[in-house]
Amino acid sequence: MAKIAPLTGTTSDYQSVVDSLILLDREIGVEIASRSNGTTYTIIRQGNGKDKFFDLPKIFDQSSYEDALASTTSNMQTVSQFANNMNAAAESANNAATLANEATAKANAAATACEGIVVQQNTMVDTVTGKSGVLSLEDGIICVREA
């Protein structure tokens, strides 16, 4: 098997020979490009024997990969925060539902305790005979009937 040695250089190296450099068919060119912050990244192109280096399509562009990774990481953080917010909202809703159920139980107990109070308020006991009577209003007339 033959040794494969790709052509490697910086962007400025390739720009210095931009008009004369044509990679052979299937020859690999590795470009070391620089970012504005001084860090570098790699771009790989494959020759076709006729087009100039910068006219060749990029087979791999590390900066595009890193940009996609950063975007994906940011999106995952957004999704994670959304999930956390949804979990907190669900927990809050469950707590509110529990409190509402407790309040309903207390209200039902109070309503049960109040049943019959109206009847008892209208019931009186004759102090002489000891008989119970119920006070009512019938057709505008106040009536007392034996209970």
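Predicted model: local features only at pLDDT ≥ 70, side-chain atom pairs only at ≥ 80, totals over all residues.

Reader: Switching topic: what's the strand order in the open sheet?
Author: β1-β2-β3-β4, four strands with mixed pairing. β1 (7–10) and β4 (58–61) are the edge strands, each pairing on one side only. From one strand to the next, the twist averages 20°.

Reader: How many bridges join β2 to β3?
Author: There are 7, between residues 28–34 of β2 and residues 40–46 of β3, and the two strands run antiparallel. As an example, Ala33 has Tyr41 in β3 as its bridge partner.

Reader: Which strands does helix α2 touch?
Author: Helix α2 (residues 62–114) packs on the sheet and touches β3 and β4. The helix direction makes about 50° with that of β4.

Reader: How many salt bridges does the structure hold?
Author: It holds 5. One of them pairs the side chains of Asp19 and Lys52, at 3.6 Å from N to O. Asp19 is in the loop between α1 (11–16) and β2, while Lys52 is in the loop between β3 and β4, so this pair ties together parts 33 residues apart in sequence.

Reader: Is Asp19 buried or exposed?
Author: Exposed, at 61% relative accessible area. Lys52 counts as partly exposed, at 32%.

Reader: What does Arg35 form a salt bridge with?
Author: Glu66, with the closest N and O atoms 2.0 Å apart. That pair links distant parts of the chain too: Arg35 is in the loop between β2 and β3, Glu66 is in helix α2, and they are 31 residues apart. Arg35 is partly exposed at 25%, and Glu66 is partly exposed at 28%.

Reader: And Lys58, which residue does it form a salt bridge with?
Author: Asp61, where the closest N and O atoms are 3.3 Å apart. Lys58 is partly exposed at 46%, whereas Asp61 is buried, with a relative accessible area of 12%.

Conventions
Residues numbered from 1 in each chain as written. Heavy atoms only, no water. Pairing = 2+ DSSP bridges. Axes fitted to C-alpha atoms, helices over the stretch in contact; angles between N-to-C directions. Contact = heavy atoms within 4.5 Å. Salt bridge = Lys/Arg side-chain N within 4 Å of Asp/Glu carboxyl O. Buried < 20%, exposed > 50% of the residue type's maximum accessible area, 1.4 Å probe, protein only.
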